[in-house]
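These are my notebook entries on one structure, written down in the order in which I looked things up.

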Amino acid sequence: MKIGFIGLGNMGAPMAKNLAMAGHEISGFDLQAPCPDGVIKAASASQLATGKDVVITMLPNGEILRSVANDILPVMQNGAVFLDCSTVDVDSARAVAVQAEKAGLMAVDAPVSGGVGGAAGGTLTFMAGGTQAGFAKVEPLFEIMGQKSVHCGGSGAGQSAKICNNMILGVTMIATCEAFALADKLGLDRQKMFDVVSTSSGYSWSINAYCPAPGVGPQSPADNDYKPGFAAELMLKDLRLSQKAAKSVDADTPMGHSATELYEQFVNTEGGEGMDFSAMLPRFEKRQRG
Ligand code: NAD
């Protein structure tokens, strides 16, 4: 397949590199970042998109996605797939899909879970939205860049699944951190707390796989001074997207709303920016009720 890749940042560069290493002819374009090994540098996004079977984007947000789509959809060849792997708002995903279909193209929104480590190791999970034909065409690429892909439904379904998952993640991480801080004040040993909760009904990925308490449970960013990992500001981005989506469909998400406010406070006024999202635990440790 002839593939173009736009957005060669922390995630895009290793993903593009894995496709090149698997033998695909791949060109890349980024406003700033260099092309990784094996990826041919294009002069512009529209030059890159011309004549490609698939164009992949891995960009910061929906606004940038829409502007890149405006540039490249008109020059892409009929029947090609526009595959966006960024995490963006559901409305932007659906808007570019409509635009792509009008231009005779297929569109798939396929945000990922697994972070930079998953991108480098080719072990990402893709959650995809779009037609069956579009999904079938790019599924072999998911197999190279990841270890699992789920076709969630029509356009926007991938973004919907991603923000629902990450809303649960933000909420459970906060709940886990506040429970650890409460346990501390009650004089409970952290290891005992982990041993009980990780095998009882309070268990979740946040404690079992990514324990926010240093020296307890599996290795996690807590064991590395809370260096990310998954940075608090990226969690905030996803929580904001969940609230934007909830507002657009009039869904009541009180826990998601509270989690968004807490991460906003943590990132904007409490020094949380640049720290892992599990650093909510030292934040709660320092606080009192009220
Ligand atoms: P990043 O900021 O490292 O990379 C984005 C790249 O896009 C940058 O290199 C930037 O120069 C480039 N870019 C911006 N505007 C452009 C344009 N108009 N044309 C071409 N290139 C342009 O971000 P990242 O960490 O690689 O994340 C990318 C996406 O993946 C985001 O939507 C993010 O939410 C999502 N994501 C990130 C992680 C993670 O752990 N980093 C995990 C899951 C999902």
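Predicted model: local features only at pLDDT ≥ 70, side-chain atom pairs only at ≥ 80, totals over all residues.

Residues are numbered from 1 along each chain as its sequence is written, and side-chain values use heavy atoms, with hydrogens and water left out.

**Entry 1: salt bridges**

I took a salt bridge to be a side-chain nitrogen of Lys or Arg within 4 Å of a carboxyl oxygen of Asp or Glu, and by this rule I have a count of 6 salt bridges.

I began with R240 and E264, whose side chains meet in a salt bridge at 2.9 Å from N to O. R240 lies in helix 10 (residues 232-248) and E264 in helix 11 (residues 254-269), so this pair ties together parts that are 24 residues apart in sequence. R240 counts as partly exposed at 40% relative accessibility, and E264 is also partly exposed, with 25%.

Next I looked up R283, which forms a salt bridge with E270, where the closest N and O atoms are 2.6 Å apart. Because R283 belongs to helix 12 (residues 280-285) and E270 to the loop between helix 11 and helix 12, the pair ties together parts that are 13 residues apart in sequence. Here R283 counts as buried at 6% relative accessibility, whereas E270 counts as partly exposed at 28%.

Which residues are linked with D184 in a network of salt bridges? I found that R190 and E285 are linked with D184 in this network. Between D184 and R190 the closest N and O atoms are 2.7 Å apart.

**Entry 2: strand 8 and its partners**

I then turned to strand 8 (residues 124-130), where 6 of the 7 residues are buried. Two strands pair if DSSP finds at least two bridges between them, and I looked for partners on that basis. Strand 6 (residues 106-109) runs antiparallel to strand 8 and is joined to it by 2 bridges, with D109 standing opposite G129. Strand 7 (residues 112-113) is likewise antiparallel to strand 8, again with 2 bridges, and there V112 stands opposite F126.

**Entry 3: helix 6**

Strand 8, helix 6 (residues 132-145) and strand 9 make a right-handed β-α-β unit. I call a crossover right-handed if, with the strands pointing away from the viewer, the path from the first strand over the helix to the second runs clockwise. Helix 6 bends by about 40° at V138, and a proline, P140, follows within four residues; the bend is the angle between axes fitted to the seven residues ending at a residue and the seven starting there.

Which residues of helix 6 are buried? I noted G134, F135, V138, L141, F142 and M145 as buried. An α-helix has 3.6 residues a turn, so residues three or four places apart point the same way. E143 is found in helix 6 too, but this residue counts as exposed at 60% relative accessibility.

**Entry 4: strand 4**

Last, I looked at strand 4 (residues 54-57), from which V54 and I56 point one way and V55 and T57 the other way, and all are buried. Strand 1 (residues 2-6) runs parallel to strand 4 with 4 bridges, and I6 stands opposite T57. Strand 5 (residues 81-84) is also parallel to strand 4 and joined to it by 4 bridges, with I56 opposite L83. From strand 4 the chain crosses through helix 3 (residues 62-72) to strand 5, and I noted this β-α-β crossover as right-handed.

Definitions and conventions:
Buried < 20%, exposed > 50% of the residue type's maximum accessible area, 1.4 Å probe, protein only.
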